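Please open the structure in a viewer and keep the selection panel at hand.

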Amino acid sequence: MDEDEKVSSDETGQKGSRRKRLSPGDRERMIVDGAIHYFAEHGFDGETRALANSIGVSQALVFHYFPTKEALIDRVYEDVFLSRWKDQWVDIIGDRSRSLRHRLKEFYRDYYATGDRPEWIRITLYSALRDIDINSRYHARVRERIILRIALELREELGLGQSMGPISEYEEHLVYCLHSSVIYQLIRKHIYRMQSPDDLAPVIEANVDIFMNSIPLVLQRFIGGQEPR
């Protein structure tokens, strides 16, 4: 029996089915989509056999396309996170022709819209709980390209320039406070499954306003050598 015949049997659960054969690319896509759904619902602890059963294929077929579970997880990371990453986010944050307030509103509206899928936030949290490196790889990218860049733009906006030296942990965590306020909306919607407004843009913009209204005083206190309160 050739690979197409085995796949047809795996997909239907019945040998001899006349169901249309899938191309190798379509079969791989089916496995990846099924794995995304499985990991988002069950996390990463399940065996590959259970994952294959949930997709409706054999374990052997999964290993035909992904020799190890780690290889499949890597592909899920590329599909769920890297393929949705937008390089223009860095350009939006760094566009000094506009106020930082307006840049952050535009960025976080789009960042939220991009991540507004249950698999995105659920896989993020499952990977963090099980120390799967999806979490560390993605957040290293977020820290380098988003968090630290916003911290630099804050200095520029407030006229501080490079006078304070490298970005401090305190500055970094202040930016994470804003970032996490947006992530919480995704957690609330897709983890707690609580009702959310159809349009969260006003909430996101309000979070940015609160942040930008308070950050000058907070950073001035930090620069002045006072302990943050």
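The model is predicted.

**The nonpolar core.** Begin by selecting Phe 39, Leu 104, Tyr 108, Tyr 111, Trp 120, Ile 123 and Ile 146, which touch the most other members of the largest nonpolar core, a set of 57 residues. Next, display helix H9, residues 133-157, which contributes the largest share of this core with 8 residues. In soluble globular proteins, nonpolar side chains tend to be buried together.

**Around Phe 39.** Centre the view on Phe 39. Which residues is Phe 39 in contact with, leaving aside its neighbours within four places in sequence? Select Phe 44, Leu 51, Lys 69, Ile 73, Val 76, Ile 123 and Tyr 126 to see these contacts.

**The largest pocket.** Now turn to helix H10 (169-190) and helix H11 (201-223), each of which supplies at least two residues of the lining of the largest pocket. The volume of this pocket is about 160 Å³. Select its lining: Leu 174, Cys 177, Leu 178, Ser 181, Asn 207, Ile 210, Phe 211, Ser 214, Ile 215 and Val 218. H11 provides the largest share, 6 residues. Colouring by class shows 7 nonpolar and 3 polar residues in the lining, and no charged ones.

**Two loop residues.** Select Asp 131, in the loop between helix H8 (118-129) and H9. Although Asp 131 is not glycine, its phi is positive, near 55 degrees. Asp 131 counts as exposed because its relative accessibility is 69%. Finally, select Arg 193, in the loop between H10 and H11. Arg 193, also not a glycine, has a positive phi of about 55 degrees, and is exposed, with a relative accessible area of 54%.

Notes: Residues are numbered from 1 along each chain as its sequence is written. This is a predicted model: local features need pLDDT of at least 70, side-chain atom pairs count only at pLDDT 80 or more; totals for chains, interfaces and linings use all residues. Side-chain values use heavy atoms; hydrogens and water are left out. A nonpolar core is a set of buried Ala, Val, Leu, Ile, Met, Phe, Trp, Tyr and Cys residues joined through side-chain atoms within 4.5 Å. Buried means under 20% relative accessible area, exposed over 50%, partly exposed in between (1.4 Å probe, protein chains only). Helices (H or I, at least four residues) and strands (E, at least two) are DSSP runs, numbered from the N terminus. Contact means heavy atoms within 4.5 Å. On a 1 Å grid over the protein atoms alone, a cavity is a set of points where a 1.4 Å probe fits but cannot get out, and a pocket is an open set with protein on both sides within 12 Å along at least five of seven lines; lining residues have an atom within 4 Å of a point. Grid points are joined across faces, edges and corners, and a volume is the space filled by probe spheres set on the points. Ala, Val, Leu, Ile, Met, Phe, Trp, Tyr, Cys and Pro count as nonpolar, Asp, Glu, Lys and Arg as charged, and the others, Gly among them, as polar.
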